[in-house]
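Work through the exercises below with the sequence and the structure at hand. Each task is followed by a solution in steps.

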Amino acid sequence: MARVSRFQKSRFGHTTPTYRCRVCKRLTRNTGDEGGVTLCLHCWELAGIENTISDNGLELAREWGYVETATRLLKELRAKGIDVDTVWASLVAELTPKEAV
Ligand SMILES: [Zn+2]
């Protein structure tokens, strides 16, 4: 399984400025690539997972562990008081199994 960790600590230490994530509005700090797109680490990961699902489909994303990761990240954001059902509505919808009606 090829999963690249983006969780390395900032090389810029304590001088890193904070900013508000444009998706969940949480005050956050750049720790890597996500600051350039004004996302927090959670939303940055979720955006990548959403792209993966749209490019490769939900089944492959599930096989690669992305669905599990997304579920965990959404749960963590929810625990922080973020209304993920609104800010990540499209992804939540993607992750919700579509049963035949
Ligand atoms: Zn965010």
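Predicted model: local features only at pLDDT ≥ 70, side-chain atom pairs only at ≥ 80, totals over all residues.

**Exercise 1.** Describe how helix α1 and helix α3 pack.

Solution. Two packed helices are described by the angle between their axes and the distance between the axes. Locate the pair: α1 covers residues 41–56 and α3 covers residues 66–79. Their axes form an angle of about 145 degrees and lie 10 Å apart. Next comes the handedness: α1 passes α3 in a left-handed crossing. Now find the residues that touch. From α1 these are H42, E45, L46, I49 and T52; from α3 they are Y66, T69, A70, L73, E76 and L77. Sorting the contact by class gives six nonpolar, three polar and two charged residues.

**Exercise 2.** Which elements give two or more residues to the largest nonpolar core, and which gives the largest share?

Solution. The largest nonpolar core has 22 residues. Within this core, C24, C40, C43, L46 and A70 have the most contacts. The elements that supply two or more residues are α1, α3 and α4 (84–87). Of these, α1 contributes the largest share, six residues.

**Exercise 3.** What percentage of the 101 residues is buried?

Solution. A residue is buried if 20 or more other C-beta atoms lie within 10 Å of its own. Buried residues make up 26% of the protein.

Key: Residues numbered from 1 in each chain as written. Axes fitted to C-alpha atoms, helices over the stretch in contact; angles between N-to-C directions. Helix = DSSP H or I, 4+ residues; strand = E, 2+ residues; numbered from the N terminus. Left-handed = near helix turned anticlockwise from the far one by under 90°. Contact = placed C-beta atoms within 7 Å. Nonpolar A, V, L, I, M, F, W, Y, C, P; charged D, E, K, R; others polar. Core = buried A, V, L, I, M, F, W, Y, C linked by C-beta atoms within 7 Å. Buried ≥ 20, exposed ≤ 12 C-beta atoms within 10 Å, placed from the backbone.
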